[in-house]
Amino acid sequence: MSWLREAAREILVPSANRWEDTVPRSRTIGFPRESAPDERRTLLTPHLAHALTDAGFRVIAEPGIGCGIDQDDTVLSDVDICGPEHVWSAPLILRYKAGPPADLDRLAPGQAIGAIFHAEGDPDMLTALTRGRVTAFSYEFLREHDGFPLAVSGGRIAGIQAVLTGSQALQHVEGCGVLLGGLPGAAPARVVIIGSGNVGAAAAHTAAHLGAHVTVLTRTTNGANTYAHRAPAGVRVEVNTPDRLAELLTTADLVVGAILVSTHTTPPMVTRDHLATMRPGAVIVDATCGYGDGYLPTAGPIQEPGDPPQIVEGVLHVKRDAFPKSVPVTASHAFARAAAPYLLRLAHYVLDGVDDPAIQSAMIADRGGLVHPVVREHAELYTRGRGA
């Protein structure tokens, strides 16, 4: 029966050694399957696989790497499909999401991993990063040309979904019953969007094209002037001041929170006192969430898909931090295509020693030491909290 075992091995690991004679092990990139609960997205699409292999890297992946988006392994013709132990032993591991902290225990000191970590909000992940003595890169922190290019696709999806989800909440039995676009004889909904980045701009585009009356609030005059040149026709762009926000809230049907950073120390923008001035059944969607109470403290805890809106003082609140997760096919292909040139640069940085400041900006841990200022700040906050 040895021949049967060998045949089975060739089916499960059909090409584990295909490139070993031509590509050094030091230029191998491993793609494990995603392991977070209910995570269907994948990073390894044919587009990304071609980009990496065309550059001379060997790509290995677990069987079923794309099953969450109905992507068969056969479309990854230039990828070696291998068992998990082989994949996790590659010098560079790339994933969509980092997965549970325990996954880092599968890595040996000196290995590198890239993923969307959001480690600053996860004390257990921070501990795992230091315990494992690995080097880790968090895509959302990668900065170049005064922007965060690997946050663009996810931000745009979140902005679109925030408006669509808010539209549904307006039709909730406790909602104010306003159709986002309006019809002849009925006024369109009034939408206020706080922030003009990737999330805010996509939300404004979606709401405006559905026919809503949209006002976008930016942090500075310069930001307002910059965004006004690319805002959809009819969208008002103003500077976010406490007085102007308070005034707009009194007539808003839908408010979308879309600021980039919301942490434990972010001051509130919309408070319980503001809710008392809003229309009964109005909706607030927190599309960026962050950590702690943040700038929309009345939104409460993060909600899961399908959860009903949280109603506070007659105002419906939707707080979701993973809008792209609900559209895994779109999210996988959009993110992988946008990320491909940067992941190629990450591979050159880690495996070939090519200096790259943009890639270095995404490093959150270096051989077990936390190095990114945001990650270090939160680690110290959690340490002080445990010591209190």
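**Legends to the close-up views**

**View 1. Surface of the predicted model.** The protein exposes about 17700 Å², and 55% of this area is supplied by carbon and sulfur atoms. The coordinates are those of a predicted model. Of the 388 residues in the protein, 50% are buried.

**View 2. Charges of the protein.** The protein carries 32 positive and 41 negative charges.

**View 3. Overall fold and dimensions.** The secondary structure consists of 12 helices and 15 strands. The radius of gyration is 23 Å, close to the 21 Å given by the globule rule for 388 residues, so the protein is as compact as a globular protein of that length. Its C-alpha trace spans about 75 × 50 × 40 Å along the principal axes. Among contacts with a separation of 6 or more, 67% are between residues 24 or more positions apart.

**View 4. The open sheet of 8 strands.** The strands follow the order β3-β2-β1-β4-β5-β6-β14-β15, and their pairing is mixed. Strands β3 (80-81) and β15 (369-370) form the edges, each pairing on one side only.

View 5. Strand β2 covers residues 58-61 and runs parallel to β3, to which 2 bridges join it. Ala 61 has Ile 81 in β3 as its bridge partner. Strand β3 (80-81) is an edge strand of the sheet, and β2 stands between β3 and β1 in the strand order.

Note on methods: Residues are numbered from 1 along each chain as its sequence is written. This is a predicted model: local features need pLDDT of at least 70, side-chain atom pairs count only at pLDDT 80 or more; totals for chains, interfaces and linings use all residues. Side-chain values use heavy atoms; hydrogens and water are left out. Helices (H or I, at least four residues) and strands (E, at least two) are DSSP runs, numbered from the N terminus. The radius of gyration is taken over C-alpha atoms; the globule rule is 2.2 Å times the number of residues to the power 0.38. Buried means under 20% relative accessible area, exposed over 50%, partly exposed in between (1.4 Å probe, protein chains only). Contact means heavy atoms within 4.5 Å. Accessible areas come from the Shrake-Rupley method with a 1.4 Å probe; for residues, only the protein chains shown count as cover. Lys and Arg count as positive and Asp and Glu as negative; His and the chain ends are not counted. The place of a charge is taken as NZ of Lys, CZ of Arg, CG of Asp or CD of Glu. Two strands pair if DSSP finds at least two bridges between them.
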